[in-house]
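Q: I would like to learn how to read individual features of a protein model from its coordinates. Please take me through them one at a time, with the general idea before the particular case.

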Amino acid sequence: MLTRRILVLVLLLLFASSTLSLVFAQSSAAPNDVTNLRINEFMALNQNNLEDPDEPGTHPDWIEIYNGGGTAVNLQNLYLSDDPTNLTKSPITATIMVPANDFVLFYADSQPEQGPHHTNFGLSGNGENILLVGNDGSTIIDSYTFGPQTADIAEGRFPDGADNWQPMTAPSPGSSNAIAPIIEDVVQTPANPSSSDSVTVNARITDDGTVEFATLYYSATQTSFTAVPMSALANNRYEGTIPAFPTNTTVDYYIEAGDDMGQSSVHPSDGYSRYVVGFVPPTLYINEFVALNTTLPDPDEPGTFPDWIEIYNPGGTAVDLDGYYLTDNLTNLVKSPINGSVIVPAGGFVLFYADSQPEQGANHTNFALSSTNGEDVALVGPDGSTIIDSHTFGLQTADISEGRSPDGADNWIFFNPPTPGSSNTQPPHISNTSHAPQQPSSADSVTVTTTVTDDGSVTVTLFTVINGSSSSVAMSPQGNNQFSASIPAQTDGTIVQYYVRAVDNDNQTSNDPPGAPTDTYTYIVGYTAPPLFINEFMASNSSTLTDPVEPTEFPDWIEIYNAGGTAVNLNGYYFSDDPANLTKSPITQTLTVPANGFLLVYADSDPFQGPEHTNFGLSTNGESVLLVAPDGTTIVDSYTFGPQTADVSEGRLPDGGNDWVFFNVPTPGSSNAFTPPNISSTSFAPTQPGDSDPVTVTSQISDDGQVVAATLFYRTGGTFSALPMTAQGNGSYSGTIPAFAAGTTVEFYVTAQDNDGLISSDPPTAPNATYSYTVGTTLPTLIINEFMADNGSTLEDPDESGEFPDWIEIYNAGETAVDLNGFYLSDDLASPTKSPITQTLTIPAGGYLLIYADGDPFQGAAHADFKLGAGGESVLLVYSDGTTVLDSRTFGAQTTDVSEGRCPNVTGNWQTMSAPTPGAANVCTVNYTVYLPLIGKK
């Protein structure tokens, strides 16, 4: 009995001891440390990748959380969200442990009833946010903003927990992120082999582990491929050789690489590379096209009117295009093979019909052209990689072609009417017609000026209609293709209509406006435009504002702001979304904008609903919106915008101001009271990165409230990757772009969002405009040193006697000569490749070069295809990558025969120079300050 009691006592003591040990262990354990948790990988378009374990047969979006710390973490009471304005959207209500250095999966399927691993939201394949939030419901532990996604391709950090995000073609839900071998920088030597040449294919192949094999596959039969093991060289490069083949042999090849994780990659990923032995590209041009055809019938299908593309052969020998390719996508050069004989005669033309019906014949493509968004069109050689010619175009108009003028030249213009299958001859081209003063009084005669260009001589006439009486007067040449004539002064209230007609020596006639005499330019004597502003608009209204006349509809809308103290009646005014048709939507009834107030107009293409409804809608892809005075020509206010987002407006801030911002919380019919984040001083380092250098981008961001998100977007082609930027203190934010191979051009921009939901971008027009750099490039030290935007008599054009063009002086501050062939000049920050330099143009070390900005590039490489605006604009010198601005200057109004230059020469600030020095060092005026002695008075 005693023995049993002793045994029980011992057991009780042991139990108490173990309980005390457990209590002590629990009380001394580290707190639940969430600081090492990261959103590590996700998939927003899961079609076949991962099956839902709680609902077999379904494939939900998923999110992987990684614990990079040394202690397990309990996720209970934390939150997941896809909405920065609702951080507690999806609470984690049950115990979910993430072991140290391990992973846990959540299924973003909007079905939280299936268990604690299921969120109450799904992920958008178009891009959005993912946030992991602390138990206080406000502290963001980790977040990521992503862009458009691809089905069954994840996006994740590499390595686990790092700041570097990249697509994962081999997703790893619930395990460490590994990547398949990356095959890039593939080089074929020689590019156009002859029958005696073997071909070497060299590629850079990298992996997060070990590259186990690299194989080059080639075929000269287009059926079976021969495998050639590639030899490993230095710097992760591999090389294989294809033997020589007879002339005209078509050789296809691709590369496959595998790693120690059993993952493999091929390049190209969607086909193969190709060359044709002995192929010498002929000189052929895409010479003209129409992307919206309603007049030229299809000869193979009468009654239909397909888009068309004209090919021009300037050579002396006919070319058969059998085996060539046409494409509207420069990432898919073999999109539309030409399977049959299509002959382009020597010095002649041939038409292709872009109708997506290749079954109709060899001159029918398997694509159509886009008239609304613009795109690319290219002719590709039979090797599938040599681009014979290409052109990138924008928005097109029905039955107006775009083509080279003259045939085969670099200059593209619009033709009305088109010239399909024949030479691009043209009538006189009339442009820049205007009158001054813009708003004349009864004391003012009015001077009408216009620019007329033609390949011959022209006669130009000004026609006027005043109080129903018609008259005409010959316009006098003023030089530089400009003509002018005067209209006598008229009494206040007189409506003056006018148009210009030009007739060339071929008896071809043009009118401006093109619809004259029905359409005319107009002004009203004594008219003063009221202070009205297009203040805010929404081009993609899904749920923000209903139509008061039709409450189930959500039309686009435009807000007008009256900054004056008197109400304005818009009866007789016009709205338009087309700068070429200012009177598109007339206002024919009383429509009042109150003093210091707002008016909403609904852009719904339904003007029958009332005067506040236009006969057009706004494009989400971007266009213009204009308010036009009763004369039909005076633009009271206008704005040209880019791509828009659903239920996000764009507006002036403050009301009537010059700055435009996006409003996540639109204010239709009321003041734009919010202030968006201000992004300034964006820079990157190193400024000339090598192929092993990540690049850190830093921006200064301020706001009148709180900056809730700063995001760095970057790409090397294709879509942008989003990278959250980290606050560094004192308003500084930074993010790091990973290293890329030498020669890679990286574009980037920064966005910031505040607690009012307002978003700013830097550059302001991003992503249409971006910052950029090219890896491994040492940029030449070239400086825009002097320019003249109003050359009356200072410097005569050496290539055209009697002409005095604008000019730009470039200085080479380097120690070696620089050839500008392949570089660009521009006068438009939004179009840096406006004027390509396509011939050798050398600046010696320490020397100067003059460029003539005369809009006449046919005169030689030193002539730009733009003129400088004497009223002020920009001038840029752009590197051969088309994005890196080597130097630029934005200037204001200029004075005739006075240049602007750097003083001191090359290194100093800009100042006006009444004694210009084109092609030589700047001689600068020194401003002295004279101090007089202080004279006191007793």
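Q: Is L216 buried or exposed?
A: Burial is judged from relative accessible area, and a residue under 20% counts as buried. In this predicted model, L216 has a relative accessibility of 0%, so the residue is buried. L216 belongs to strand β14, which covers residues 211–219.

Q: Which residues is L216 in contact with, leaving aside its neighbours within four places in sequence?
A: In soluble globular proteins, nonpolar side chains tend to be buried together. The partners of L216 are V201, T226, A227, V228, M230, G240, T241, I242, Y253, Y254 and I255.

Q: What is the order of the strands in the open sheet of 4 strands?
A: Strands of a sheet pair through backbone hydrogen bonds, either parallel or antiparallel. Here the order is β12-β13-β17-β16, and the pairing is antiparallel. The edges are taken by β12 (182–189) and β16 (231–232); each has a single partner strand, so one side of each lacks a neighbour in the sheet.

Q: How many bridges join β16 to strand β17, and how many join strand β13 to β17?
A: Between β16 and β17 (residues 237–242) there are 2 bridges, in an antiparallel arrangement. Between β13 (residues 199–206) and β17 there are 6, again antiparallel.

Q: What do β16 and β17 form, and which residue in the turn has a positive phi?
A: The two strands make a hairpin with 4 residues between them. The turn residue is N235, whose phi is about 60°.

Q: Where is T682 found, and is this residue buried or exposed?
A: T682 is part of strand β52, residues 678–685. Its relative accessible area is 16%, so T682 counts as buried.

Q: Which side chains make a polar contact with the side chain of T682?
A: A polar contact is read from the distance between N or O atoms, with 3.5 Å as the cut-off. The side chain of T682 has such a contact with the side chain of S699 at 2.7 Å, and another with that of D762 at 2.6 Å. Beyond residues up to four places away in sequence, T682 touches V697, T698, S699, F748, V750, D762 and Y771.

Q: Where does T365 lie, and what does its side chain reach?
A: T365 is in the loop between β27 (349–354) and β28 (376–380). With 1% relative accessibility, T365 is classed as buried. The side chain of T365 reaches the backbone oxygen of F367 at 2.6 Å. Apart from residues up to four places away in sequence, T365 touches L326, S336, Y353, A354, D355, S356, Q357 and P358.

Q: Which cysteines form a disulfide, and how far apart are their sulfur atoms?
A: A disulfide is a covalent bond between the sulfur atoms of two cysteines. In this model the pair is C903 and C924, with the sulfur atoms 2.2 Å apart. The pair links distant parts of the chain, 21 residues apart: C903 is in strand β71 (residues 899–903), while C924 is in the segment after β72 (909–913). The count for the model is 1 disulfide.

Q: Why is the disulfide of C903 and C924 left-handed?
A: Handedness follows from the torsion about the S-S bond, which is about -85° here, so this disulfide is left-handed. As to accessibility, C903 is buried at 11%, whereas C924 is partly exposed at 27%.

Q: Which residues have the most contacts inside the largest nonpolar core?
A: That core has 44 residues, and those with the most contacts inside it are L37, F42, I63, I65, L75 and L123. The contacts of L37, leaving aside neighbours within four places in sequence, are with I65, Y66, N67, V73, L75, L78, L132, I141 and D142.

Q: How many helices and strands does the chain have, and what share of its residues is buried?
A: The chain has 1 helix and 72 strands. Of its 938 residues, 46% are buried.

Notes:
Residues are numbered from 1 along each chain as its sequence is written. This is a predicted model: local features need pLDDT of at least 70, side-chain atom pairs count only at pLDDT 80 or more; totals for chains, interfaces and linings use all residues. Side-chain values use heavy atoms; hydrogens and water are left out. A disulfide is a pair of cysteine sulfur atoms within 2.5 Å. Buried means under 20% relative accessible area, exposed over 50%, partly exposed in between (1.4 Å probe, protein chains only). Two strands pair if DSSP finds at least two bridges between them. A nonpolar core is a set of buried Ala, Val, Leu, Ile, Met, Phe, Trp, Tyr and Cys residues joined through side-chain atoms within 4.5 Å. Contact means heavy atoms within 4.5 Å. A polar contact is a pair of N or O atoms within 3.5 Å; within protein, one must be able to donate a hydrogen and the other to accept it, and residues adjacent in sequence count only if both atoms are side-chain atoms.
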